[in-house]
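Colleague: I'm new to this one, and I'd like to know what stands behind the words you use for it. Could we bring it up and go through it together?

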Amino acid sequence: MARYFDVHPDNPQPRIIGQVIDVVRRDGLIAYPTDSCFALGSRLGNKDGMDRIREIRHLDSGHHFTLVCRDFAQLGQFVQLDNAVFRAVKAATPGGYTFILPATREVPRRLLHPRKKTVGVRIPAHPVTRALLDEWGEPLLSSTLLLPGDDEPMTQGWEIKERLDHAVDAVVDAGECGTEPTTVIDFSDGEPEIVRVGAGDPTRFG
């Protein structure tokens with residue numbers, strides 16, 4: 001049964017944030033809000049967490065997992081950016097974008113796209129997400145919480161608790177969350193390719 005954490009959306013309570021991160025530290029899987037929509041998250045090296053995300057979402061091996069990072073310095077440890085890509089990504093963060101980029105050796109091999117050796121990265125603007133990342137000090141391995149057969153992600157924490165009570169270890173509820181996933185920009189070949197239009201304005205990369 002998943003633990004349920006009610007968090008203030010603008011001023012997250014440090015004690016509760018610490019309890020959520022304790023779940024992550026013990027290799028738990030959490031559902032948490034971001035500035036686009038709810039996401040599933042676990043510790044970066046947690047293979048079981050990754051497998052559980054795949055199972056919940058019915059994902060194939062070609063799915064790009066996302067490393068949700070606290071800041072640009074952290075993001076730079078996990079992906080390779082030339083100067084032009086660096087400037088473009090930095091100008092759009094934090095915000096509702098996910099960037100697909102060549103991974104560094106810091107990223108576990110099993111997280112990489114099997115053919116391209118790339119990984120998704122993003123820096124969110126949501127206060128609760130940022131509090132979790134500040135407390136944890138590492139990226140969260142994440143994927144949008146969009147269930148098979150659903151057209152849109154769930155927006156309510158209580159609904160997630162009801163539907164995924166035995167599939168996740170914790171639900172972080174900070175009020176209603178958005179339904180629009182991030183805009184995904186693939187920079188793996190150096191030039192921006194818009195893979196998915198979502199919360200972030202795609203015209204800056206068009």
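Colleague: Which residues does Asp 165 touch, not counting those up to four places away in sequence?

Modeller: Met 1, Ala 2 and Ile 160. Contact here means heavy atoms within 4.5 Å, so each of the three has to meet that limit. Two things about the source first. This is a predicted model, with local features needing pLDDT of at least 70, side-chain atom pairs counting only at pLDDT 80 or more, and totals for chains, interfaces and linings using all residues. Residues are numbered from 1 along each chain as its sequence is written, and side-chain values use heavy atoms, leaving out hydrogens and water.

Colleague: Where is Asp 165 placed?

Modeller: In the loop between helix 6 (157-163) and strand 8 (170-173). Those elements are DSSP runs numbered from the N terminus: helices are H or I with at least four residues, strands are E with at least two.

Colleague: What makes Asp 165 buried rather than exposed?

Modeller: Its relative accessible area is 14%. Buried means under 20%, exposed over 50%, and partly exposed in between, using a 1.4 Å probe and protein chains only. Since 14% is under the buried limit, Asp 165 gets that label.

Colleague: And how do you know that the side chains of Asp 165 and Lys 161 make a polar contact?

Modeller: The distance is 2.7 Å. A polar contact is a pair of N or O atoms within 3.5 Å; within protein, one must be able to donate a hydrogen and the other to accept it, and residues adjacent in sequence count only if both atoms are side-chain atoms. At 2.7 Å the pair is inside the limit, so it counts.

Colleague: What makes strand 5 and strand 6 a pair?

Modeller: Two strands pair if DSSP finds at least two bridges between them. Strand 5 (residues 97-102) and strand 6 (residues 118-122) have four, running antiparallel, so they pass. Ile 100, for one, has Gly 120 as its bridge partner in strand 6. Strand 5 also has four bridges to strand 9, and those two run parallel. There, Ile 100 stands opposite Asp 186.

Colleague: What about strand 9 and strand 10?

Modeller: They pair in the antiparallel sense over three bridges, with Ile 185 opposite Ile 194. Their hairpin has six residues between the strands, and Gly 190 in it takes a positive phi near 95 degrees.

Colleague: How many salt bridges does the whole structure have?

Modeller: A search finds ten. One of them joins Asp 186 and Lys 116, at 2.9 Å from N to O. It links distant parts of the chain: Asp 186 is in strand 9 (residues 183-186), Lys 116 in the loop between strand 5 and strand 6, 70 residues apart.

Colleague: Why is the contact between Arg 52 and Asp 48 called a salt bridge too?

Modeller: A salt bridge needs a side-chain nitrogen of Lys or Arg within 4 Å of a carboxyl oxygen of Asp or Glu. The closest N and O atoms of Arg 52 and Asp 48 are 3.9 Å apart, so the pair qualifies. These two are four residues apart in helix 2 (residues 47-57), so about one helical turn separates them. Along with Asp 169, they are linked in a network of salt bridges.
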